[in-house]
Amino acid sequence: MRDAPILVTGGAGFIGSALVRHLVLERGLPVVTVDALTHAGHIPSLGEAATSPLHAFERADVANAAQVEAVLRRHRPRAIMHLAAESHVDCSINGPAALVHNNVVGTFTLLEQATRYWNASPPERRSAFRFLHVSTDEVFGALDDTGSFSLESPCRPSSPYAASKSASVHFARAWHHTYDLPVIVTNCSNQYGPYQSQGKLVPVAVRKALALEAIPVYESGRQGRDWLHVDDHARGLVAALERGRVGRTYVFGGGAERTNQEVVSAICDAVDALAPAGAPRRSLITHVTDRPGHDSRYAIDPSHTSAELGWSARRSFEEGLRETVAWYVANERWATQVLGEGCDSRRLGPGMHPGVGVGVGVGAAA
């Protein structure tokens with residue numbers, strides 16, 4: 001079964017591409033990347049894995065049953081790692097229908113086709129097969145000033161994005177309990193690292209700082225997030241696939257809680273060190289009206305996951321952020337091209353209706 005590939009949906013996206021690079025280049029495992037190549041997916045993000053003989057690419061939409069069925073029939077994977085999703089909170093406020101289609105209908109369609117494929121497989125393939133569903137800490141809603149999310153945290157989504165991801169989690173768990181599909185669910189904290197696009201906090205702040213443009217931060221920037229390097233997350237996902245128990249949930253956090261203001265300030269300092277431009281770039285930070293329903297704080301307690309899977313985050317936030325900023329500075333052309341694409345992320349002001357933007361805010365996943 002080790003010769004059978006692992007199918008990664010959304011594999012040309014930010015987290016998906018880090019996972020594919022890890023599986024192919026570090027673990028030497030065969031992988032099939034499935035991606036619709038919308039604004040979030042970019043083949044260059046796969047790096048050297050894209051041309052590896054261990055890697056195959058399929059341009060397909062997980063919400064298209066015929067396309068999914070064809071991919072499964074053609075490649076006969078031993079596992080599906082499902083990361084394909086629309087993940088921009090501001091986009092979900094502006095146009096929630098796309099989130100429902102991609103995250104809910106897409107997950108339902110993939111589960112349905114995976115179950116048919118699994119049921120038709122011979123016994124040894126059935127016993128080895130896994131469906132790993134990757135979710136986010138945003139499904140849990142907001143925390144108070146203390147405490148952390150854990151395995152026992154209920155889903156209390158605040159944004160349309162979080163609601164769509166929460167629904168997809170419930171579908172995945174229901175397919176396990178009702179149809180016995182061997183499902184494992186994961187939740188993760190905020191990600192950062194190379195190849196991130198879609199107007200996320202870190203890459204947009206770096207781009208604005210390099211261009212000496214105003215860096216917009218929601219309200220006072222006091223919102224707190226737990227930050228995890230994408231490569232550490234990729235290792236965790238593989239650990240969950242290989243050592244996780246069917247029907248279980250595993251949560252991944254970096255143990256690096258910072259406010260948005262602290263993150264952007266650190267980015268400014270890192271850019272100043274790499275590309276000096278006179279005045280400190282912290283002076284570019286501009287506070288804008290908060291977005292509707294902005295969760296105040298997220299944090300994850302991964303202790304149970306660490307104990308069961310033997311996983312822990314390796315990179316400190318300070319080290320990982322410096323490396324990430326250096327990558328964007330060195331790859332400014334790529335970042336400018338990719339970050340210029342994507343959905344309309346103009347933030348809505350209080351009381352406004354979808355489609356009526358009033359400026360640009362940073363912190364889509366923050």
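In this predicted model, Arg-235 and Asp-232 are both buried. The two side chains pair up in a salt bridge, with 2.9 Å between the closest N and O atoms. Both residues belong to helix α8, where they sit three residues apart, or about one turn of the helix.

Arg-27 forms a salt bridge with Glu-242, and here the closest N and O atoms are 2.8 Å apart. Glu-242 is in helix α8, while Arg-27 is in the loop between α1 and β2, so distant parts of the chain are linked across 215 residues of sequence. Arg-27 is partly exposed, at 29% relative accessible area, and Glu-242 is partly exposed too, at 37%.

Then there is the pair made by Arg-74 and Glu-58, whose side chains meet in a salt bridge at 2.9 Å, N to O. Arg-74 is found in helix α2 (residues 65-75) and Glu-58 in strand β3, so this bridge ties together parts that are 16 residues apart in sequence. Glu-58 has a relative accessibility of 14%, and because anything under 20% counts as buried, Glu-58 falls in the buried group.

Salt bridges can also join up into a network, and one such network links Asp-231, Arg-315 and Glu-323. Arg-315 is worth a look of its own. It lies in the loop between α10 (303-309) and α11, and it is partly exposed, with a relative accessible area of 27%. Setting aside residues up to four places away in sequence, Arg-315 touches His-229, Asp-231, Asp-232, Gly-320 and Glu-323. Gly-254 is 61 residues away from Arg-315 along the chain, yet the C-alpha atoms of the two are separated by 8.4 Å.

The largest share comes from α1, which gives five residues.

So what does α1 itself look like? This helix has 13 residues and reaches 17 Å from its first C-alpha to its last, close to the 18 Å expected at 1.5 Å a residue. Eleven of the 13 residues are buried, so α1 is largely enclosed by the rest of the structure. The buried stretch takes in Phe-14, Ile-15, Gly-16, Ser-17, Ala-18, Leu-19, Val-20, Arg-21, His-22, Leu-23 and Val-24. As for what covers the buried residues of α1, the list includes the strands β1 (6-9), β2 (31-35), β3 (55-59), β4 (79-82) and β7 (190-192), along with helix α8. Just after α1, Gly-28 takes a positive phi of about 65°.

Thr-186 has its place in strand β6 (residues 183-188), and at 0% relative accessibility it counts as buried. Leaving out neighbours within four places in sequence, Thr-186 is in contact with Leu-132, His-133, Val-134, Ser-135 and Thr-136, and also with Leu-237, Ala-240, Tyr-250 and Phe-252.

Zooming out to the whole protein, there are twelve helices and 14 strands. Of its 366 residues, 57% count as buried. Among contacts between residues at least 6 apart in sequence, 81% join residues at least 24 apart. The bridge between Arg-27 and Glu-242, with its 215 residues of separation, is one example of distant parts of the chain being linked.

Key: Residues numbered from 1 in each chain as written. Predicted model: local features only at pLDDT ≥ 70, side-chain atom pairs only at ≥ 80, totals over all residues. Heavy atoms only, no water. Helix = DSSP H or I, 4+ residues; strand = E, 2+ residues; numbered from the N terminus. Expected span 1.5 Å × (residues − 1). Buried < 20%, exposed > 50% of the residue type's maximum accessible area, 1.4 Å probe, protein only. Contact = heavy atoms within 4.5 Å. Salt bridge = Lys/Arg side-chain N within 4 Å of Asp/Glu carboxyl O.
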